[in-house]
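Colleague: I would like to learn how to read a model like this one, step by step. Could you take me through it?

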Amino acid sequence: MEIVVVLVIIGALALFFIATYNRLITLRQRVKEAWADIDVQLKRRHDLIPNLVETVKGYATHESTVFQKVTEARAAAVAAGSSASPEQRAQAENMLTSALRSVFAVAENYPQLQAVQEFKDLSENLTATEDKISFARRFYNGNVRDYNTSLQTFPTNVFAGMFGFKAEQYFELADATERAVPQVKF
Amino acid sequence: MTTDSTSARLSIYDAAAANRWRTLLLIAVFTALIAVLAYFVGEYFAPGGGIAALPFAVAISTGSALVSYFAGDKLILAQSQARELGASEEPQLRNIVEALALGLGIPSPKIYVIEDSAPNAFATGRDPQHASIAVTRGLLDKLDRTELSHVGNRDIRVMVLVTVLVGTVALLADWMWRSFFWTQGGRRDRDRGGAGAIIAVIAVALAVLTPIIAGLIQLAVSRQREYLADASGALLTRYPPGLASALRKIAADKEPLEVANKATASLYIANPLKDAPAFFDHLFDTHPPIEERIKRLEAMD
């Protein structure tokens with residue numbers, strides 16, 4: 001009789017562990033998938049920037065510091081993209097965003113440039129990519145929050161560490177105005 | 001359907017799962033209703049005929065339910081004369097839709113355009129993996145990027161939350177109407193005994209009630225959904241005035257959308273028919289008054 005009781009308890013515990021473990025795996029997988037969405041868009045932005053610099057350079061010949069800044073920021077962001085943590089990447093990407101803004105601010109001063117189709121396409125694409133990063137980030141952060149919350153709540157927090165589950169980092173944009181309104185206007 | 005009104009961020013995974021269950025439940029109820037209707041109508045025409053009619057009714061109602069579930073989106077898009085966008089057409093709209101899909105972690109829906117100058121939009125599909133969004137030419141012309149983004153956001157969220165349900169309800173209600181009219185044909189008056197009279201009363205009552213029930217389910221789901229969708233759409237972008245100004249522009253346009261009909265009207269972001277007579281006092285509206293929706297959005301700010 002006692003053996004049956006013990007077996008039932010062990011069985012229930014085993015089921016509980018399996019269910020919790022699988023739940024954590026699912027949540028962590030969602031975080032990874034969401035991160036992949038951000039990654040694709042960040043890379044897309046990196047790819048668009050050299051074209052933008054070339055196009056704007058053709059018209060704005062005296063603005064070399066702005067171009068240098070954006071080129072450097074891009075190089076730093078690309079470098080961060082290969083290995084760094086979400087936090088470090090967010091930092092590099094924030095630098096790139098503000099450098100990009102100054103390029104578009106410069107471009108404002110050249111009306112001929114505004115009329116060039118290639119420039120129009122590039123700015124639409126960059127605006128869109130910026131939007132996509134912003135939305136993908138929101139989704140990613142939501143998934144991170146769900147995952148971290150279930151890691152930190154009882155009773156999961158007791159043994160999550162034993163299975164090697166660690167809290168994930170949020171992907172934060174420094175700019176507060178950007179957080180309030182997702183549509184980025186250049 | 002309150003999943004989203006309480007928490008700031010809806011878990012898309014839970015919403016999609018809940019939605020699938022609601023749709024299945026709805027289809028079951030629909031099939032049962034049609035079967036009961038067929039039984040009593042059969043009994044009414046010929047005593048003992050109810051049982052004979054049952055298998056046909058179940059086959060027909062199951063068939064139509066399956067069609068609405070699996071091909072409903074295509075039927076609705078075809079009825080609305082929507083044309084799928086080519087890869088290079090309307091890059092701005094495509095970009096907006098792709099961004100919104102990323103924000104919800106769903107695949108980018110297919111994009112359709114309805115060549116009509118009345119501004120309106122809807123989304124449809126049985127789940128996020130089989131989703132389409134349709135916008136009219138008028139909407140593309142009249143709304144700016146931000147407003148389009150808010151309309152798209154709202155529509156895509158509706159799709160994930162309840163459109164499967166509402167789309168199915170719309171089509172099923174349509175089927176119910178048809179089966180109702182179909183059973184009206186060939187009715188004969190006969191003298192009957194006690195049991196026959198009771199069955200006749202039930203048959204008539206069901207025949208009258210079925211379309212009303214169908215209509216009311218559709219309307220109730222639809223109207224509540226508009227407020228909910230406005231609210232949850234605004235929550236994602238955290239910028240209610242964006243959707244409010246889009247709605248205002250849509251409301252300012254008095255032109256009805258020709259390709260919309262009774263079955264598809266409830267899918268649109270704003271009532272496309274614009275013919276609601278005043279004496280119905282909003283009981284049969286598919287949408288709450290747009291001014292009221294704008295007011296609620298502004299109150300959220």
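Modeller: Gladly! Keep in mind that this is a predicted model. Once its neighbours within four places in sequence are set aside, B:Tyr268 is in contact with B:Asn120, B:Ala121, B:Phe122 and B:Ala260.

Colleague: Which residues touch the most other members of the largest nonpolar core?

Modeller: B:Tyr268 is among them, together with A:Tyr140, B:Leu100, B:Ala121, B:Ile133 and B:Ala134. That core has 57 residues. There is also a second, separate core of 17 residues, and its members include A:Ile49, A:Leu52, A:Ala77 and A:Leu100.

Colleague: Now for helices. How do I describe two that pack together?

Modeller: Two packed helices are described by the angle between their axes and the distance between the axes.

Colleague: What is the angle between α2(A) and α3(A)?

Modeller: Helix α2 (residues 64-83) of chain A packs on α3(A) at about 155°, with the axes 8 Å apart. Angles over 145 degrees count as roughly antiparallel, and therefore α2(A) is roughly antiparallel to α3(A). This crossing, too, is left-handed.

Colleague: How are α1(A) and α2(A) arranged, parallel or antiparallel?

Modeller: They pack at about 165° with their axes 10 Å apart, and are therefore roughly antiparallel to each other. α1(A) passes α2(A) in a left-handed crossing. On α1(A), the residues are A:Leu42, A:Lys43, A:His46, A:Ile49, A:Val53 and A:Lys57. On α2(A), they are A:Phe67, A:Val70, A:Thr71, A:Arg74, A:Ala77, A:Val78 and A:Gly81. Seven residues of this contact are nonpolar, three are polar and three are charged.

Colleague: Let's turn to the backbone. Where is there a cis peptide bond?

Modeller: Look between A:Phe154 and A:Pro155, where omega is about 5°. A:Pro155 sits in the loop between α5 (117-152) and α6 (156-160) of chain A.

Colleague: Which residues other than glycine have a positive phi?

Modeller: Two to look at are in chain B. B:Gln81 has a phi of about 55°, and B:Glu90 has one near 45°. B:Gln81 is in the loop between α3 (49-79) and β1 (82-84) of chain B, while B:Glu90 is in the loop between β1 and α4 (91-104) of that chain.

Colleague: Are these two buried, exposed or partly exposed, and why?

Modeller: Count the C-beta neighbours inside 10 Å. B:Gln81 has 14, so it counts as partly exposed. B:Glu90 has 15 and therefore counts as partly exposed.

Colleague: Where is B:Ser108?

Modeller: B:Ser108 lies in the loop between α4 and β2 (110-114) of chain B. With 15 C-beta neighbours inside 10 Å, B:Ser108 counts as partly exposed. Leaving out neighbours within four places in sequence, B:Ser108 is in contact with B:Val97, B:Glu98 and B:Ala101. B:Ser108 and B:His130 are 22 residues apart in sequence, and their C-alpha atoms are 9.5 Å apart in space.

Colleague: To finish, how many helices and strands does chain B have?

Modeller: Chain B has ten helices and four strands. From the N terminus, its elements run α-α-α-β-α-β-β-β-α-α-α-α-α-α. Of its 301 residues, 46% count as buried. Among contacts in chain B with a separation of 6 or more, 72% are between residues 24 or more positions apart.

Definitions and conventions:
Residues are numbered from 1 along each chain as its sequence is written. Chains are lettered from A and ligands numbered from 1 in the order in which they are written. This is a predicted model: local features need pLDDT of at least 70, side-chain atom pairs count only at pLDDT 80 or more; totals for chains, interfaces and linings use all residues. A nonpolar core is a set of buried Ala, Val, Leu, Ile, Met, Phe, Trp, Tyr and Cys residues joined through C-beta atoms within 7 Å. A residue is buried if 20 or more other C-beta atoms lie within 10 Å of its own, exposed if 12 or fewer, and partly exposed in between; C-beta atoms are placed from the backbone. Two residues are in contact if their C-beta atoms, placed from the backbone, lie within 7 Å. Helices (H or I, at least four residues) and strands (E, at least two) are DSSP runs, numbered from the N terminus. Axes are lines fitted to C-alpha atoms, for helices over the stretch in contact, and angles run from 0 to 180 degrees between N-to-C directions. Angles under 35 degrees count as roughly parallel, over 145 as roughly antiparallel, 65 to 115 as roughly perpendicular and the rest as oblique. A crossing is left-handed if the near helix is turned anticlockwise from the far one by less than a right angle, and right-handed if clockwise. Ala, Val, Leu, Ile, Met, Phe, Trp, Tyr, Cys and Pro count as nonpolar, Asp, Glu, Lys and Arg as charged, and the others, Gly among them, as polar.
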